[in-house]
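A walk through its parts, for someone who has not seen it before, would be enough.

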Amino acid sequence: MSDQTKNENADVPVRFDTKIAVLLRDDLETWQRLNVTAFLVSGLGTALPEVVGEPYQDADGTPYLPMFRQPVLVFEGGKEVVKAAHERAVRRGLATAVFTADLFGTGHDRANRAAVAAVGKDQLDLVGVAVHGPRNSVDRVVKGARMHG
């Protein structure tokens, strides 16, 4: 394949069969939204290697880490919207990451896991969830949320 053909193919829109969505509670401060989003998507990238693309490289040959191969859509909603989305994601068996309010007070991974493990799934004080799965399933999970803006 010629470089011109590769470049032309790079401009063709891709429709993915799956979707990555992050849903944040709408009462978070800006720094919290950014922090929660970063933590949540890190879980998806490590557990689902198929969502990660190839490593990057600039024209000088400097290597960079790979990133997701598809867009990450970020939504927001009230506490009940986040709770309902979590319930739907778990019920559908989708790959799900959670971030609870308790995690703002911990300082490392072991403490984070202990904080989540101390609470039943229906009692988690969720501030964010991330999900990956078939497009239609993820759309149903985030129903009632709005695009983050």
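Val 142 counts as buried, because its relative accessibility is 7% and the cut-off for buried is under 20%. The model is a predicted one. Val 142 lies in the loop that connects helix 5 (135-141) with strand 7 (146-147). Leaving aside residues up to four places away in sequence, Val 142 is in contact with Ala 21, Phe 75 and Arg 88. Between the C-alpha atoms of Val 142 and Leu 94 there are 12 Å, while 48 residues separate the two along the chain.

Ala 21 is one of the buried residues of strand 1, and Phe 75 stands opposite Met 147 of strand 7. The sheet is open and consists of five strands in the order 5-6-1-4-7, with mixed pairing. Strand 5 and strand 7 are at its edges and have a single partner strand each, so one side of each has no neighbour in the sheet.

Strand 1 pairs with strand 6 in the antiparallel sense through seven bridges, and with strand 4 (residues 72-77) in the parallel sense over six bridges. Ile 20 takes part in both pairings: His 132 is its bridge partner in strand 6, and Val 72 is opposite Ile 20 in strand 4. Strand 4 is also joined to strand 7 by two bridges, and these two strands run antiparallel.

How many residues of strand 1 are buried? Eight of the eight are, so strand 1 is largely enclosed by the rest of the structure. The cover extends to both faces: Thr 18, Ile 20, Val 22 and Leu 24 are buried on one side, and Lys 19, Ala 21, Leu 23 and Arg 25 are buried on the other.

Val 22 also belongs to the largest nonpolar core, which has 16 residues; Val 22, Val 36, Leu 40, Phe 99 and Ala 130 are those with the most contacts inside this core. Two or more residues each come from strand 1 (18-25), helix 2 (30-47), strand 5 (95-100) and strand 6 (126-134). Helix 2 contributes the most, with four residues. Not counting residues up to four places away in sequence, Val 36 touches Leu 24, Leu 28, Phe 99, Phe 104, Val 127 and Gly 128.

Key:
Residues are numbered from 1 along each chain as its sequence is written. This is a predicted model: local features need pLDDT of at least 70, side-chain atom pairs count only at pLDDT 80 or more; totals for chains, interfaces and linings use all residues. Side-chain values use heavy atoms; hydrogens and water are left out. A nonpolar core is a set of buried Ala, Val, Leu, Ile, Met, Phe, Trp, Tyr and Cys residues joined through side-chain atoms within 4.5 Å. Buried means under 20% relative accessible area, exposed over 50%, partly exposed in between (1.4 Å probe, protein chains only). Contact means heavy atoms within 4.5 Å. Two strands pair if DSSP finds at least two bridges between them.
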